[in-house]
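Biologist: I would like to learn how to read a model of this kind, feature by feature. Could we take the general idea each time, and then the case at hand?

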Amino acid sequence: MDRKKFALIKYDHGEPTSLSGARWMWLVLVLAAAIGMLFVFFPVSFFLVVAALVISKQPKRLYVGPRYLICGRKIVYYANIQKVSMEDSGTRLVLKSSTGKVLVIEQDRFQTGARKPDKIAANKAARFEKVAQKIVKHVRRAAPQAVLTGVKDLPATGT
């Protein structure tokens, strides 16, 4: 997967993440070193266990690519989308594929670095709107037959 072509958005999709091969290797090596150091020097072992926990923490992201969308363990090909709808006063984007699978992107699941409640809400709304427009643009390009309901009218052309 070429990450240069994907937009990476921090999004809590609610699913467990899977570790890459390199992360598994580092996790096993650090845990083995921690167990080995446990009998020799306790503080180093404690530090290695903390390092293993940091390595195992996988960021939750939404990958928006030119041909498909990855959300957790779900992959949605834009060409298979039959219906796109904006629900709950514009806070949920629902993608329904030809196989019957449904993917829901929710505004409240986007992560933000703001601290004040009004700024958090504004940042989540802005990020959701940007991602929703990008997804709708890709769906229009890949599946012009898809039914769009409740989404803002965007230009049909674009790159």
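Modeller: Let us start with the length of a helix, where the expected span is 1.5 Å times one less than the number of residues, and where helices (H or I, at least four residues) and strands (E, at least two) are DSSP runs numbered from the N terminus. The 26 residues of helix 3 should therefore span 38 Å, and the end C-alpha atoms of helix 3 are 37 Å apart, which agrees. This is a predicted model, in which local features need pLDDT of at least 70 and side-chain atom pairs count only at pLDDT 80 or more, while totals for chains, interfaces and linings use all residues. Residues are numbered from 1 along each chain as its sequence is written, and side-chain values use heavy atoms, with hydrogens and water left out.

Biologist: Which residues of helix 3 are buried?

Modeller: Buried means under 20% relative accessible area, exposed means over 50%, and partly exposed lies in between, with a 1.4 Å probe and protein chains only. In helix 3 the buried residues are Lys-124, Phe-128, Val-131, Ala-132, Ile-135, Val-136, His-138, Val-139 and Arg-140. Helix 3 covers residues 117-142 and contains His-138, which counts as buried because its relative accessible area is 9%.

Biologist: What does His-138 touch, not counting residues up to four places away in sequence?

Modeller: Contact means heavy atoms within 4.5 Å, and on that basis His-138 touches Val-64, Gly-65, Pro-66 and Tyr-78. Ile-135, again leaving aside neighbours within four places in sequence, is in contact with Val-64, Leu-69, Tyr-78, Leu-93 and Leu-95.

Biologist: How should I read a nonpolar core, and which residues in the largest one touch the most other members?

Modeller: A nonpolar core is a set of buried Ala, Val, Leu, Ile, Met, Phe, Trp, Tyr and Cys residues joined through side-chain atoms within 4.5 Å. Of the 24 residues in the largest nonpolar core, Leu-62, Leu-69, Val-84, Leu-93, Leu-95, Ile-105 and Ile-135 touch the most other members. Two or more residues of this core come from each of strand 2 (61-64), strand 3 (68-71), strand 5 (81-87), strand 6, strand 7 and helix 3, and the largest share, 6 residues, comes from helix 3. A second, separate core of 5 residues includes Leu-27, Ala-34, Leu-48 and Ala-52.

Biologist: Where do Asp-88 and Ser-89 lie, and are they buried or exposed?

Modeller: Both Asp-88 and Ser-89 lie in the loop between strand 5 and strand 6. Asp-88 has a positive phi of about 55° although it is not a glycine, and at 47% relative accessibility it counts as partly exposed. Ser-89, also not a glycine, has a positive phi of about 60°, and with a relative accessible area of 82% Ser-89 is exposed.

Biologist: How many helices and strands are there in the protein, and in what order do they run?

Modeller: The protein has 3 helices and 8 strands, which run β-α-α-β-β-β-β-β-β-α-β from the N terminus on. Buried residues make up 31% of its 159 residues. Among the contacts with a separation of 6 or more, 55% are accounted for by residues 24 or more positions apart.
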